[in-house]
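Have the coordinates open as you read.

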Amino acid sequence: MSDGGLAKTADGTGSPHDVLYRLQGMKVHFAVRGGFLDTILRRSRGVIRAVDGIDLELRRGEVLALVGESGSGKTTTGRVIVKLTPQTDGRLTFDGKDVTDLWGTTALRGYRRRIQLIFQDPYETLNPKQSINDFVMEPLVVNDIGAPRDRQAATFAALEAAGLRPASDFAFRFPHELSGGQRQRVVIAGALVMDPEVIVADEPVSMLDVSIRTELLRLMLDLRAERGLTYLFITHDLSLAWVIADRIAVMYLGKIMEIGPAEQVIRSPHNPYTQALVSVSPTPEPPTPGERAKRTILVGETPDAAHVPPGCRFHPRCPYAFDRCRVEEPPLFDVGGGQSAACWLAEGGRSLPVLPHRIQEPVPSPAATAIGAELPA
Amino acid sequence: MSVDPRDLARSTDEALVDARLQDATAVPESSAADVATAKRSRRERAIEAALQIRGRRQWAPPKQAKPGAPLLEVRDLKTYFRLESGTVRAVDGVSFQLDYGEALGIVGESGCGKTTTALSLVQILPPNARIVGGEVNLMGIDLVKKTENQLRRYRWREISIVFQGAMNALNPVQRVVDQIAEPIEQRLGEPKATARAKARALLEVVGIPKQRGAAYPHELSGGMRQRAMIAMALACDPAIVIGDEPTTALDVMVQAQILELLERLRRDLGLSLILITHDLSVVAETCDRALVMYAGRVAEEGAIGEIFRRPRHPYTQKLLSSFPNIRADRRTLEVIPGSPPDLRAPPPGCRFAPRCTFAMAVCSEVVPPEITFGDVRVACHLYPPGSDGAQVTVPRPNAIGASVPLVEPPPDLPPMEVPA
C-alpha cells in the first residue's frame, strides 16, 4: 500500500501517466523596486528569481507534495498554477490545452472552476463579518453559476462533503464561532463548491494542532477517493509530505532539487539537500546517539533569491560540493524508478554516498572520488 | 558589582569557544565522542555540568534560597481566567519538578494550559487571570506569595522566557544589541558599556556575528531573530530558561539549528530548560523529561524514553500516533475524535474520558489520581494504585494505517466525527 493512489491512477489509465497539468521552464522573476529616482529613470535594481525554471507534471488523481523552506519558491509556483501570479517565462499546459497566456476574469472563468486554492491560515482567509453560508456560496454568485436554489443546495453539499454535518448547523454561523479545524473545513468547502479537479493546498494544516491536522489530511484523502481530486500539496514539512503524498518534489531557491515517488525520495534521497532535510526532519521518537551523529545540520540559511549563487545553487551549503558544482548548474538526472535529482553526484543514476556522518570521517566513495570530490576534512 | 568583559569571556568557559568554532565549520559533533559520552545518561552529564557551572554566576542565588531544595517545584498549581461567561480553569492542579541542568518539555494541544502554566511561574499573566492555588517553589522560595515588586528580583534573573513570535517580542525600533543589554543594565545594574560588551559576547554565543548586533530586528532573518531572543533570555545568567514554542514558526533546517543551540547552551552553561510546545518531536529531541497536559491537568509525566517508547495514558498514545513520523511507515496517522472540553465546565471525572477509547464507567465520575510507577507519573484509571503500571495499549481503529487502502476507505471505518 506504499504507493496506492498513484499505482491506481497509473494502472487504471495505462501508461504513460495521465498528465493533468504541466509546467515547462517556468520562471517567476520579480523586479526589486528601487527609490523614486529609479522609477523615473526606469532603471532596475536587480531581480528576485523566486522561481527559476522548473518543469513539473501534475498527474491526474495524485497528491504531489511541493516541499521547501521559506524562500524556495513553492508558494509562488502554486500561485502561478492558480493564475494569481503571472509567470515570467515558460509554458503552462492544463489538460492538454496551452493556458500560458490565458488571462482576464472572463477567460479564466472556466479555468478557475477547475482549479481551486486553499490557503494556509483559516483565520485570515475567512471574512469575520460574512456568514459561513455566504463565504461558501460566494464563488457561485461571483461566477454566476446556477439558479439561487441550486446554489444553496450546492453550498450545503459542499459543507457536508467537508465534514461539517449537518450543514444547516454550520451554515449560518460566523467564523468566530468555529474552531480552527472547522474553519479550515469551511475553507475546503469553499473550494469544493466549484467542484474542481485540482486543488492547490498551500500549507493547509500547518496552523492546526496535531490531532485536528490528521482529521483534515484524512478528509483530503477521502475527497480524493470520492471525487478523483488531484492535489498539489505545498508544505515546508517533509514528514507531512511523507504521510500524504504519492510523489514529492523538493524545491530550493527556485529550483526543483529532487522529485520522485515519496518512498524513494525519503528512503533514498539522491540530492544532498534532500538528504540533509530528511536527516533533520523531526520525529516523535527520542533520537539515539547514533541517529544524532548521522544528522546533517546545514549551516546558515537559504540565500536570498536576489543573489542566487552561481553553479549549483546549493553548493555553498553542500557538504559534498566540488569544483564542478561551483561553476555549472546540474540538470535533473534520472536516477531510476521515476525519481530524478539535480546533483552532479547523481549523474548517470549514481546514488549519493548515503553516509552523512562521513562528513567527519571521509570514507572515500568510488562515486565521489571518481569525479574528484573535495571532501571537507 | 561590575564585570570586566574579559572576565566574562573567560567565564563563559572554553567549551563555548570550542562550540562556536565547531559551529563555524559546518560539521555536526563528532560521532566517536558522542558514542563515548553517551554511556553516561544525558541527564547525568547535564546535572554534572550544571553543578560545575553554578559557580560561574557573578551573583549569588536569592538570599532566602534553601540549600538542598530542588531548583523548581510546582505543587498543585491552579490558574483560572475570569470571563463574563464563567471561570475558565486553564490550569487545574499541575505539579512537577525541575532539577538543575534538566530539560523538561510540556506538551499538549492548544488550550491545554501549557503556556498558562509557564506564565504562572513568573506571574506574567493577562489581567483577568489569577493564581487561585498551589505553590511555585524556586530554590525553596514560594513565588506565588511574592508581591509584584518582590517578583522583579526573580523575573529574568532567575527565570527568563524565550517567547514564540520573535518578530513581535523584539522592539522593532531598537538595535538588537541594545535590547539585550537592557536587562543587564536594568536588572543587574551594570554600567552601559559593560552591559553592551556582555550583550555582544552573548550574541556570539548564540551564533550571531558581533557586527550584526547593530541591526534592527527587521534586518535579521527569522532564525537570527530567534537566536537574538535566546541571547536576551541568557542576559542575566538565569537558572531557568522557558522556551514558549521556540521553534514553531521556523523552517526545519533553522529549527534543527536552534534546537542544537539550546542543547549546547544547556550543556555548556548548565541551564535548566522548560520547553512549551505542541510539537512532540521538539521534546523528543531536546528534553530529559516530558509532561503531557490535557485540559489543564497532567495526563502523564516521565522520562523521555518512557513517555515516547511506552506511553501509558491513552491520550499520550493517541497524541504520539497522530504525529507524522518520517522514519516509520507511511500513513499510520491516527485521528483523536472529538475536541477538548470546555474548561468553564469540564467533565466531572477524567477530562479525557469523552474522547477515550478505553473509557469505563468510573472515568466519567472519579478524577483519576496521579500514580507514580518508577519513573512515570500517570493519571488514568487504567493504572490504579497498586497495579504494576504495565502499559495498556490502546487499539487503533481510527488509524489511516498502512494496511488500510487509501483510495477505498474500508467499510468498517466509523464515520468521521465532527467536533461539536
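B:A353 sits in the loop between α14 (314-321) and β11 (371-373) of chain B; helices (H or I, at least four residues) and strands (E, at least two) are DSSP runs, numbered from the N terminus. This is a predicted model, in which local features need pLDDT of at least 70 and side-chain atom pairs count only at pLDDT 80 or more, while totals for chains, interfaces and linings use all residues. Residues are numbered from 1 along each chain as its sequence is written, and chains are lettered from A and ligands numbered from 1 in the order in which they are written.

Is B:A353 buried or exposed? B:A353 counts as buried because it has 22 C-beta neighbours inside 10 Å. The cut-offs are 20 or more other C-beta atoms within 10 Å for buried, 12 or fewer for exposed, and partly exposed in between, with C-beta atoms placed from the backbone. Leaving out residues up to four places away in sequence, B:A353 touches B:P347, B:A359, B:C363 and B:S364; a contact means that the C-beta atoms, placed from the backbone, lie within 7 Å. Between B:A353 and B:S364 there are 6.1 Å from C-alpha to C-alpha, at 11 residues apart in sequence.

Two packed helices are described by the angle between their axes and the distance between the axes. Axes here are lines fitted to C-alpha atoms, for helices over the stretch in contact, and angles run from 0 to 180 degrees between N-to-C directions.

| Helix pair | Angle | Axis distance |
|---|---|---|
| α8(B) (residues 176-188) and α10(B) (residues 222-234) | about 20° | 8 Å apart |
| α10(B) and α11(B) (residues 252-269) | roughly 20° | within 10 Å |

The angle makes α8(B) roughly parallel to α10(B), a label for angles under 35 degrees. Their crossing is right-handed, meaning that the near helix is turned clockwise from the far one by less than a right angle. On the α8(B) side, B:V176, B:Q179, B:I180 and B:P183 meet B:A228, B:A231 and B:M232 of α10(B). These contact residues divide into 6 nonpolar, 1 polar and no charged. Here Ala, Val, Leu, Ile, Met, Phe, Trp, Tyr, Cys and Pro count as nonpolar, Asp, Glu, Lys and Arg as charged, and the others, Gly among them, as polar.

α10(B) is also roughly parallel to α11(B), and that crossing is right-handed. The contact joins B:G222, B:G223, B:Q226, B:R227 and B:I230 of α10(B) to B:V254, B:Q257, B:I258 and B:L261 of α11(B). It divides into 4 nonpolar, 4 polar and 1 charged.

Chain B as a whole has 14 helices and 12 strands, and 48% of its 420 residues count as buried. Among its contacts with a separation of 6 or more, 68% are between residues 24 or more positions apart.

Over in chain A, helix α6 (residues 132-142) has buried residues including A:I132, A:F135 and A:L140. The buried residues of α6(A) pack against α7 (148-161), α8 (167-171) and α9 (180-192) of chain A. After α6(A) comes A:D144, with a positive phi near 55°.

Finally, confidence. Chain B averages a pLDDT of 79, with 79% of the residues scoring at least 70; pLDDT is the predictor's confidence in each residue, from 0 to 100. Residues 1-39 of chain B have a pLDDT below 50, and this stretch has 47 contacts in the model beyond near neighbours in sequence. Residues 398-420 of chain B also stay under 50. Where pLDDT is low, the predicted coordinates should not be read in detail. For the complex, the predictor gives an ipTM of 0.78 and a pTM of 0.80.

Key:
Parallel < 35°, antiparallel > 145°, perpendicular 65-115°, else oblique. Contact = placed C-beta atoms within 7 Å.
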